[in-house]
Amino acid sequence: MPNVSTSSIHVSPGHSFSLSLEANPSTGYQWLLSNPLDAKFLEFVSTHYTPASPLPRIGQSGQQIFTFQPLRSGVTSIALKYCRPWDESDCANVHFYTVTIA
């Protein structure tokens, strides 16, 4: 059973924001959107991985960073899961964010 956590965040319309989650791509796991975003409120901009050390090493963990653009005021959610893309039924972590845009 995955480890489930929740967070609430407040952002401003028109100002992009990022979520940073611990990740280790050498394990085959990566953070993925668990559910589609509500396109009325949020737009997915990008995701990238940043190693913990400036000198990347095999097996090193780091941060997977997701960037989103809030489009209008309201409340929505983001659900992310830490899974192997070829086996999404075996997820290690799930993180739910309640996003208030005001």
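A: In this predicted model, strand β3 is joined by four bridges to strand β6, which spans residues 74–83, and the two strands run antiparallel. Within this pairing, Trp31 stands opposite Tyr82 of β6. Strands of a sheet pair in general through backbone hydrogen bonds, in either a parallel or an antiparallel manner. The β3 and β6 strands belong to an open sheet of four strands, ordered β1-β7-β6-β3, in which the pairing is mixed. The edges of this sheet are formed by β1, residues 3–11, and by β3, residues 30–33, each of which pairs on one side only. From one strand to the next, the twist averages 25°.

Strand β6 also holds Thr76, a residue that counts as buried because its relative accessible area of 10% falls under the 20% cut-off. Leaving out residues up to four places away in sequence, Thr76 touches Asp38, Phe41, Leu42, Tyr97, Thr98, Val99 and Ile101.

At residue 83, where β6 ends, the chain takes part in a disulfide: Cys83 and Cys91 are bonded with their sulfur atoms 1.8 Å apart, and the count of disulfides in the model comes to one. A disulfide is, in general terms, a covalent bond between the sulfur atoms of two cysteines. The torsion about the S-S bond of Cys83 and Cys91 is about 95°, and the disulfide is therefore right-handed. Both partners are buried, Cys83 with a relative accessible area of 0% and Cys91 with one of 14%.

Turning to the nonpolar side chains, the largest nonpolar core has 19 residues, and the members that touch the most others are Phe17, Leu19, Phe68, Ile78, Leu80, Tyr97 and Val99. At least two residues of this core are supplied by each of β1, β2 (17–23), β5, β6 and β7 (93–101), and the largest share, four residues, comes from β2. Phe17, one of the members named above, is in contact with Ile9, Val11, Leu42, Phe66, Thr67, Phe68, Pro70, Ile78 and Val99 once its neighbours within four places in sequence are left aside.

What is the accessibility of Phe44 and of Phe68? Phe68 is buried, with a relative accessible area of 0%, whereas Phe44, at 37% relative accessibility, counts as partly exposed, because that value lies between the 20% and 50% cut-offs.

Phe44 itself sits in strand β4, which covers residues 42–51. Its contacts, apart from neighbours within four places in sequence, are Leu33, Leu37, Phe66, Thr67 and Phe68. Arg57, by contrast, stands 13 residues from Phe44 along the chain, and the C-alpha atoms of the two residues are separated by 29 Å.

Notes:
Residues are numbered from 1 along each chain as its sequence is written. This is a predicted model: local features need pLDDT of at least 70, side-chain atom pairs count only at pLDDT 80 or more; totals for chains, interfaces and linings use all residues. Side-chain values use heavy atoms; hydrogens and water are left out. A disulfide is a pair of cysteine sulfur atoms within 2.5 Å. Buried means under 20% relative accessible area, exposed over 50%, partly exposed in between (1.4 Å probe, protein chains only). Two strands pair if DSSP finds at least two bridges between them. Axes are lines fitted to C-alpha atoms, for helices over the stretch in contact, and angles run from 0 to 180 degrees between N-to-C directions. Contact means heavy atoms within 4.5 Å. A nonpolar core is a set of buried Ala, Val, Leu, Ile, Met, Phe, Trp, Tyr and Cys residues joined through side-chain atoms within 4.5 Å.
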